[in-house]
Amino acid sequence: MFHELGSCGYGQAMSNPPSPTLLSHFQAQLGPRGYTSDPRDLEPWLTDWRGRVHGRAAALLSPATVEEVQAIVRAAAEAGVALVPQGGNSSMVAGAVPPADGTALLLSLRRMRAIRSISGEDNVAIVEAGVILSDLHDAAEAAGRRFPLSLAAKGTATIGGLVSTNAGGTQVLRFGTMRALLLGIEAVLPSGEIFDGLTALRKDNRGYDLRQLLCGAEGTLGVVTAASLRLVPAIGSRTVAWVGVDEAPSALALLRRLEARLGEAIESFEIVPAAGVDLVLRHIEGTRAPLASTHRWNVLIEATAPQGAPAPDLETALAEAIEAGLVADATIAASEAQAEALWKLRETMSEAERIDGVAAKHDVVVPVSLMPELLEKGSERVEARFPGVRVLAFGHLGDGNVHFNVRAPEGADDRAWLAADGPAVSAFVHDLVGEMGGSLSAEHGIGQTKRAEFARTASPARLHALTAIKRALDPLGIMNPGKLIP
Ligand SMILES: Cc1cc2nc3c(=O)[nH]c(=O)nc-3n(C[C@H](O)[C@H](O)[C@H](O)COP(=O)(O)OP(=O)(O)OC[C@H]3O[C@@H](n4cnc5c(N)ncnc54)[C@H](O)[C@@H]3O)c2cc1C
């Protein structure tokens, strides 16, 4: 059933369009809450968050239990019909948008939103795939704990999506990506078998780690229905600062200095260029400039302390950094409302960019020590190679991960520019990052929009292994076709 795509020989299976009989079967099985083919219900789920990729599907299936997911996968496998697992559809790489030919069915996990248990003793939450991240934050907090993964899409992104993309976010510096927080997984495999890997175990050495294989698989190896996740103690206090620096190397030197002074207290260290702040102030209501003067680079820092421990002395550490000439200016939030206002400047960056227009987007990672070079010399190289373009690079400095976005020349028709020049710009940026030992996907995944570049830049060994795993677990190619695997 596999056919070859391109000369490299990596394969994708062909799936069948759903027959009226199969659709009637799902309608009867799932009932009105679990099945719709009404175009008005489907419409919001057929386009990606950036509004650039549009798909089609004959129906949206919304199971409420793992058994219903299993029945759907079994029936789809029998008919050779593809399924596209979907959570909040906040993917930055159109990972949850169905193919444009309409042959796949959308499989939403959003009705599976039970928090099955939270154990303070085990420090573990067992949650279903459709639980929205901010709901898990609230539930953990109510239990005196914290789930230490957060990102700007926290009101939309689901646990299933976060697991399937191995999401990162703003606390990776201290707690790692989803992989580091994922203790166990429950999933329906393409065969229709349930992999019941939910566990509170901190160690489990039974060979290949299916939990980690499914994490970051972008829905291509099965449907995640629940996960057990590591919790940490609730925060006692947090200190949030906004810092202006004039050169990117100073930002990295500041991070290492603060780590030496305050150790693990530093949780977030996010960098935003002056042009990024400008964009947010222009497009996002209720935002205002945190510093009196403008600086080439701005850093948002969050330091935390557990309950009962003294607040980390970020103020003294920053004052010393100002004296040492690393920091040009700084402000520390004096209240929770001010802290939220500073975070808003960072968290609405993607939204402000979206409002401003389209851009060639890159979610790249390099060794942390090379971040300043990428931010400054890398931007200069791109702007020299494509005269008039404007690089907007912001993100997780402490992880070496930057959203290295390239905007059209001022006054240009940005969509026309993106169609004409976008591919060459992206290839240039990815090659630049490759030269630095980096990767073209730090946290968003490959999805649809990075697939061609992934195929172009990945080593044959990586692609062969990926394809072999896909063929072994999903021989019919019914799980999320057209994503990740070239
Ligand atoms: C404003 C904004 C900021 C963001 N910031 C970050 C960030 O800082 N860090 C980061 O990592 N990401 C970020 N993202 C990207 C996005 O939020 C994450 O990729 C998130 O994990 C997607 O979750 P979702 O539920 O929306 O998944 P979807 O978009 O619905 O799906 C994402 C992928 O996972 C698959 N999938 C979804 N659910 C399941 C399931 N139950 N079983 C199997 N496969 C499944 C889909 O098929 C798809 O391939 C951001 C997005 C936005 C819009």
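At 1% relative accessibility, histidine 362 counts as buried (under 20% relative accessible area is buried, over 50% exposed and the rest partly exposed, with a 1.4 Å probe and protein chains only). The model described here is predicted, so local features need pLDDT of at least 70 and side-chain atom pairs pLDDT 80 or more, while totals for chains, interfaces and linings use all residues. Residues are numbered from 1 along each chain as its sequence is written, and side-chain values use heavy atoms, with hydrogens and water left out.

Histidine 362 belongs to the loop between strand 18 (359-360) and strand 19 (363-365); helices (H or I, at least four residues) and strands (E, at least two) are DSSP runs numbered from the N terminus. Its side chain has a 2.8 Å polar contact with the side chain of serine 426 and reaches the backbone oxygen of alanine 360 at 3.4 Å. A polar contact is a pair of N or O atoms within 3.5 Å; within protein, one must be able to donate a hydrogen and the other to accept it, and residues adjacent in sequence count only if both atoms are side-chain atoms. Leaving aside neighbours within four places in sequence, the residues in contact with histidine 362 include His403, Phe404, Ser426 and His430, where contact means heavy atoms within 4.5 Å.

We turn next to the ligand. Of the 36 residues around the ligand, Pro85, Gly87, Gly88, Ser90 and Thr158 come nearest, a residue being near when one of its heavy atoms lies within 4 Å. Oxygen atoms of the ligand lie 2.8 Å from a polar backbone atom of glycine 88, 3.1 Å from a backbone N or O atom of glycine 95 and 2.7 Å from a polar side-chain atom of threonine 158. Taken alone, the ligand exposes 960 Å², of which the protein buries 97%; accessible areas come from the Shrake-Rupley method with a 1.4 Å probe, and for residues only the protein chains shown count as cover. Strand 5 (83-86), helix 5 and strand 12 (223-230) each give two or more residues to the shell around the ligand, and helix 5 has the largest share, with 4 residues.

In the loop between strand 5 and strand 6 (105-108) lies asparagine 89, which is buried at 9% relative accessibility. Its phi is positive, about 60°, although asparagine 89 is not a glycine. Most residues other than glycine have a negative phi. Leucine 484, in the segment after helix 17 (460-473), also has a positive phi, near 60°.

Because phenylalanine 386 lies in the loop between helix 14 (371-385) and strand 20 (390-396) and phenylalanine 428 in helix 15 (residues 414-435), the pair ties together parts 42 residues apart in sequence. Two arginines sit over tryptophan rings: arginine 110 is 3.2 Å from the ring centre of tryptophan 45, and the charged end of arginine 354 is 4.0 Å from that of tryptophan 49. Here a charge sits over a ring if NZ of Lys or CZ of Arg is within 6 Å of the ring centre and within 35 degrees of the ring normal.
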